Amino acid sequence: MNSSPGQGDAASDGPDLEGVRRRDPAALAAFFEAYFDRMFALVYRLLGDRTLAEDAAQEVFLKVHRGAHLLDPSRDPVPWLLMIATNVCRDFWRSGAYRLSHTSLSIDDSPGLRETLHSAGRGPEGDTLAAERTRLVQGALLALRPPLREVVVLREYEGLGYDQIAAIAGLNEAAVRKRYSRALAEMGKHLKKAGL
Amino acid sequence: MNERPDEQPNEEEARIKRALLEASPPSAQSSFRERLKDSFVSGAIEVSGTAEARGRARRKASPIRGLSRRGRAPVWIAAAAAAAAILTIVVGTLNQGQKWMVTGVRGEGTVLVDGQPVSLTDRTALNQVLVPGAEVKIPDGVEIDLVTGGAMALQLTRRTELTLPPPPPRWINRRAEIHVRYGDIRVTTGPDFHGSHLEIVTPDADVDVTGTTFAVIVQTNGTCVCVLEGTAKVGRIVAGVPTDMQPVPGGRLRFVWKGNRPPSYDHMRDMERAKLAEFRDAQRPWLEGAPTHE
């Protein structure tokens with residue numbers, strides 16, 4: 001699980017947010033290095049498709065670039081980034097490209113997942129098993145309706161609390177808890193069906 | 001985190017959480033990562049960002065992608081496809097409607113755009129951030145008027161939360177869609193809207209219009225659609241699908257209740273009628289040829 005996004009001050013050893021506000025190239029490069037991988041993993045898990053995830057990541061960083069002057073250097077930028085990334089994914093869910101990609105592909109047909117594996121320290125057999133497991137888990141995640149998937153991804157992979165998810169999803173906390181519980185129940189069924 | 005002290009996952013939930021966390025994190029291909037980093041750092045992303053993304057989405061949907069990947073397509077097919085893609089992008093770019101422009105601001109303080117406060121007195125900053133896809137939250141006591149060319153004017157009022165839509169395209173696929181999560185918005189269409197189609201989606205209701213002046217008021221107990229002139233089709237959203245779309249003529253309202261209660265019809269309240277008329281009249285000069293800042 002990633003570290004909690006924090007609610008207060010920006011980490012003192014993080015990127016130079018004042019520089020990002022000024023769109024200073026060195027600060028933008030450090031900002032990109034600090035957050036790109038996390039944002040890419042988030043949008044990939046939410047969209048389940050590499051091409052869409054690349055498009056979404058590009059949209060996220062475009063919005064960051066456009067809104068850089070609005071950054072508050074005294075605050076952690078992660079909640080802002082998470083908000084942008086989830087909003088971008090919601091736009092993608094409504095789009096024709098997303099619908100097309102999810103009617104033409106089954107969850108068993110997820111090219112690219114295998115190449116995402118971090119194989120350090122595993123033998124070929126371990127790699128294969130881990131790849132298969134990742135594929136099945138991602139398949140079960142993709143089988144959830146997007147609003148349920150969003151809650152699971154934000155909670156389990158981004159480590160957000162219910163109140164933080166509620167702020168991002170525009171819901172109240174009770175509704176988020178309900179969605180999370182329903183999502184886990186559905187995930188459980190899909191994982192069982194997949195033999196996990 | 002805001003865990004309840006007694007909140008412990010049961011055995012089944014713990015198993016699912018373990019499975020999720022054991023899945024390897026997806027990572028981007030290094031070539032894409034480097035390309036995006038370069039364009040982000042240099043600022044080129046501002047120019048190429050959205051158009052490139054759309055272009056790639058279109059390529060993904062095209063069967064030509066599969067052919068070229070296998071290297072089986074003759075060169076002339078690839079060239080024709082490239083020309084078609086360029087033409088599509090050029091036409092797509094030209095087809096885009098005019099940008100949103102702020103024509104009026106009432107109230108004091110800030111408005112939240114993509115989670116960041118923007119001063120209401122800084123009209124330049126507002127115009128920079130109020131772009132399609134922006135998530136906007138309007139505080140109490142604030143109203144913002146926006147116009148896109150001669151097509152449509154939008155008034156965002158008290159506690160409105162919405163995603164700002166792309167303006168209706170100029171010639172092809174002339175559709176626009178606004179997602180309103182909460183609050184009041186007023187919409188009036190101009191001469192350039194002719195032939196376009198606007199859909200407004202709220203948590204409870206779907207509004208379908210082809211040219212009119214109306215208000216959409218999203219409350220905790222449902223959505224009220226008040227039509228000043230023209231006709232709007234209003235229905236309820238059931239399981240994400242608009243149903244029971246009924247015409248609402250000028251001077252009437254339809255309230256779509258949350259839950260199973262059937263929608264109500266009524267005459268429009270005088271106060272909303274006056275506000276809509278005032279909004280329409282104030283935006284008319286902008287919609288009928290006032291110079292824009294394009």
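Q: Which residues touch the most other members of the largest nonpolar core?
A: This is a predicted model, where local features need pLDDT of at least 70, side-chain atom pairs count only at pLDDT 80 or more, and totals for chains, interfaces and linings use all residues. Residues are numbered from 1 along each chain as written, with chains lettered from A in the order written. A nonpolar core is a set of buried Ala, Val, Leu, Ile, Met, Phe, Trp, Tyr and Cys residues joined through C-beta atoms within 7 Å, buried meaning 20 or more other C-beta atoms within 10 Å of a residue's own, with C-beta atoms placed from the backbone. Out of 63 residues here, the ones asked for are Met39(A), Val43(A), Leu47(A), Ala56(A), Ala57(A), Val60(A) and Ala85(A).

Q: Which helix gives the largest share of this core?
A: Helices are DSSP runs of H or I, at least four residues, and strands are runs of E, at least two, numbered from the N terminus. Twelve core residues come from one helix of chain A, spanning residues 25–47: α2.

Q: What is Ala56(A) in contact with, leaving aside neighbours within four places in sequence?
A: Contact means that two C-beta atoms, placed from the backbone, lie within 7 Å. By that test, Ala56(A) meets Val43(A), Leu47(A), Val88(A), Cys89(A) and Phe92(A).

Q: How many residues does each chain bring to the contact between chains A and B?
A: On the chain B side, α3(B) gives the most, with ten residues. The totals are 42 residues from chain B and 52 residues from chain A.

Q: How much of chain B counts as buried?
A: Chain B has seven helices and 16 strands. Of its 294 residues, the buried share is 37%.

How values were computed: Buried ≥ 20, exposed ≤ 12 C-beta atoms within 10 Å, placed from the backbone.
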